[in-house]
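Please look over the structure shown below before reading on. The report that follows takes up its pockets, a cavity, a sheet and a pair of helices.

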Amino acid sequence: METTATPTHCPYCALQCGMTVSPAPEGVEVAGRDDFPVNRGALCGKGRTAGAVLSPGVRLTSPLVRSGDGTLVPASWAEALDRIAAGLSSARSAYGADACAVFGGGGLTNEKAYALGKFARVVLGTSQIDYNGRFCMSSAAAAGTRAFGLDRGLPFPLEDIPRTGCVILVGSNIAETMPPALRYFRELRENGGRLIVVDPRRTPTAEQADLHLAPRPGTDLALALGLLHLVVAEGRTDEAYIQDRTAGWEEARAAAMAHWPEYVERVTGVPVPQLREAVRLFCEPSAAMVLTARGPEQQSKGTDTVGAWIDLCLATGRAGRPLSGYGALTGQGNGQGGREHGQKADQLPGYRKLTDPAARRHVAEVWGVDPDSLPGPGRSAYELLDALGTDIRALLLMGSNPVVSAPHAAHVEQRLRSLDFLAVADVVLSETAALADVVLPVAQWAEETGTTTSLEGRVLLRRRAVEPPPGVRTDLHVLHELAARLGVEKGFPEDPEEVFEELRRASAGGPADYSGITYRQLARDKGLFWPYPSGTTAPGTPRLFLDRFATEDGRARFAAVSHRPSAEEPDAEYPLLMTTGRVVSQYQSGAQTRRVDELNAAAPGPFVELHPRLAARLGAADGDPVAVTSRRGRTVAPARLTPAIRPDTVFMPFHWPGPGRANTVTNPALDPVSRMPEFKVCAVRVEAVGP
């Protein structure tokens, strides 16, 4: 047997840890890569067991079609593709192009995301395309673009974190969601730097902090503004930096000064002395960072909340300087690249705006179509899902499982069931795939070559290490075959390098310019940082904004924002707050990790985390079933008692379907800018469930 180890990258989170994959007598062997600077050989349990999902016994190996008796039965690829083409054509003929929709995923490679966006707009002619990354980084992306003129999760490499003076980590439990990255924060403290963690729970990450701030869910905006108020009141602003490199300070300062410390304590529950200590720790060193994750972002005011944390950086001169700045910890494996190259509702490749006439002309020329033929912006992810079965009659879905991952999930499931036609391409028979009229088995990370872009903006080459099982095809093959059946014979190659070459040309001159990157370079180097226009030398642009920001005048923009309540506050009927998140041994909707025995043994099912005082009031003991009910539905899971959570808050992980599905109760209220749903806060009541 060939035992050559192929260097590649993990299929899970946006760290994109370096690993090798080798054929083994039973499946494959996965090992960490010491030569890759991000993880330096370390892998979490998910990455270490990633090869288990490659097993034919775990994943799909044949197309499935809905039979006359309503069951899914095996079919040939030709029959499955013919059915999909017919379903899409029927909806388009009867109701118009926008009756067809496409839904992508943040785990798709850059090549797939690019081809999927092109397929929607060129082949189907539909504006109705978005992806599950809308549920992850969209608020941070909107706030970063508004402030800096550019969205790249981290404007500096992870290696800068241990060398700064202080990091405020807002709404991230990185010890469980990205375990190999925790070393950067430990090294920060070993070097004398300080770590402040903002989270309503005392998570394993918060345990590492010098200072833990535990605000009431939904009040991160007030907290950030309260800290900015104290920065001004204590004379800690960098006036020269504000004058030279920013705009909009007077309005932002006036808004912040309305958030005096005692008011912020009443709103957030964070004591004033802790607010003052946070400001001291952040401002005393010469360099500092603020990093946000889904906690502050998955709110109906997520864009403004992130904007307020960026304001804190700008007011203190902590952006666009060495070892300082604001960054977002992108979650999904290609969450960064996935939002750059065209599968978003309002976007063209290269992070171009779909409403920009020049952008439309450039991309249309690359695609060989009339710019006027390109549809305009469509619905955002939740709005698209909400329109299924009414305005949208047929859906092609790739790499997403909204039955588990979407807010108000029971409603989304009902909308999926109401479609005239649903086709799903996935590795496994997910809960969403089980509803489909046609299911296509597609190749996985180790079975195909493609690029991803990590949370650092580092473009990476995932190499094909093993052959997919017989009966499995790639997503690019699917799009090639469907395009041909729908009348577009050219423009959808199956070779990922050929797709990437076209992506390079389409992105040229855009904010996310990949035009100077080639597969050959990526195979030689350990990733290249965009923007990387033609003529750039390695490693590209690891640190952004050191000379100027990406706005027209080069100045960063303050956001003049004020705290406002969440879309749903507690009341007599629903007196508690629920927030959601992840656990270390599962990933996203769990479609893949729930099929790995070792991970299931560590995290076998959902639970409701609640404070012992709350449990005593409910009459619930540890392990007892409790029901969590919101205005949208009811979920039941065992109680897990811990003093690490606020007594007014319960927490549920969202990886599981069925009676314990956390997203049955979450609120789909949307941020007005990013269209991010409010996953992180909703009003609930909790009750003990009798035998």
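## Pockets, sheet and helix packing

The lining of the largest pocket divides into 11 nonpolar, nine polar and 12 charged residues, where Ala, Val, Leu, Ile, Met, Phe, Trp, Tyr, Cys and Pro count as nonpolar, Asp, Glu, Lys and Arg as charged, and the others, Gly among them, as polar. The model is a predicted one, in which local features need pLDDT of at least 70 and side-chain atom pairs count only at pLDDT 80 or more, while totals for chains, interfaces and linings use all residues. Residues are numbered from 1 along each chain as its sequence is written, and side-chain values use heavy atoms, with hydrogens and water left out.

On a 1 Å grid over the protein atoms alone, a pocket is an open set of points with protein on both sides within 12 Å along at least five of seven lines, a cavity is a set where a 1.4 Å probe fits but cannot get out, and lining residues have an atom within 4 Å of a point. Grid points are joined across faces, edges and corners, and a volume is the space filled by probe spheres set on the points.

| Largest pocket | about 740 Å³ | T145, K344, D346, Y351 and K353 |

Helix α4 gives the most to the lining of the largest pocket, with five residues; helices (H or I, at least four residues) and strands (E, at least two) are DSSP runs, numbered from the N terminus. The lining of the second largest cavity holds 12 nonpolar, three polar and three charged residues.

Elsewhere, five strands form an open sheet with parallel pairing, in the order β10-β9-β8-β12-β13, where two strands pair if DSSP finds at least two bridges between them. Its edge strands, β10 (211–213) and β13 (325–328), each pair on one side only. Strands β8 (residues 166–170) and β12 (residues 289–292) are joined by four bridges, and V170 stands opposite T292 in β12.

The axes of helix α7 (residues 220–233) and helix α9 (residues 249–256) come within 8 Å and cross at roughly 110°, with axes being lines fitted to C-alpha atoms, for helices over the stretch in contact, and angles running from 0 to 180 degrees between N-to-C directions. Helix α7 is therefore roughly perpendicular to α9, a term for angles of 65 to 115 degrees. In this contact (heavy atoms within 4.5 Å), L225, L228, H229 and V232 of α7 meet W249, R253 and A256 of α9.

Note on methods
Angles under 35 degrees count as roughly parallel, over 145 as roughly antiparallel, 65 to 115 as roughly perpendicular and the rest as oblique.
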